[in-house]
Amino acid sequence: MIEKPNGGTRLLGIPTIGDRVVQQSIKTELQWKFDPYFSENSYGFRPGRSALQAIERTNEYVKEGKKWVVEIDLKGFFEKSTMTG
């Protein structure tokens, strides 16, 4: 168990080498099938995309007069979920 910054604790899961091989295999197989359906405005964990590119695109939006940029962190959303299992 490790402490969370906002209080409470969570289990620390350390994947084995076998776990990582399976995870990477699944990612490799599914990524090319589903990536074309993602928004062109999505930069997180996408092949050929980076945080720097997201910042550059944000700057372009500001220059175009846009006033809002939205960042969505799904992992953070589920960490704060009130659901109990």
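## Pocket lining

The lining of the largest pocket divides into 14 nonpolar, 7 polar and 8 charged residues; Ala, Val, Leu, Ile, Met, Phe, Trp, Tyr, Cys and Pro count as nonpolar, Asp, Glu, Lys and Arg as charged, and the others, Gly among them, as polar. This is a predicted model, in which local features need pLDDT of at least 70 and side-chain atom pairs pLDDT 80 or more, while totals for chains, interfaces and linings use all residues. Residues are numbered from 1 along each chain as its sequence is written, and side-chain values use heavy atoms, leaving out hydrogens and water.

## Chain

The protein chain has 3 helices and 2 strands (DSSP runs of H or I, at least four residues, and of E, at least two, numbered from the N terminus). Along the sequence the pattern is β-β-α-α-α. Of the 85 residues in the chain, 6% are buried, meaning under 20% relative accessible area with a 1.4 Å probe, protein chains only.

## Asp 35

Asp 35 lies in the loop between helix H1 (17-34) and helix H2 (51-63). Its relative accessible area is 19%, so Asp 35 counts as buried.

The side chain of Asp 35 makes a polar contact with the side chain of Arg 46 at 2.5 Å (a pair of N or O atoms within 3.5 Å; within protein, one must be able to donate a hydrogen and the other to accept it, and residues adjacent in sequence count only if both atoms are side-chain atoms). Leaving aside residues up to four places away in sequence, Asp 35 touches Arg 46 and Pro 47, with heavy atoms within 4.5 Å.

Methods: Buried means under 20% relative accessible area, exposed over 50%, partly exposed in between (1.4 Å probe, protein chains only).
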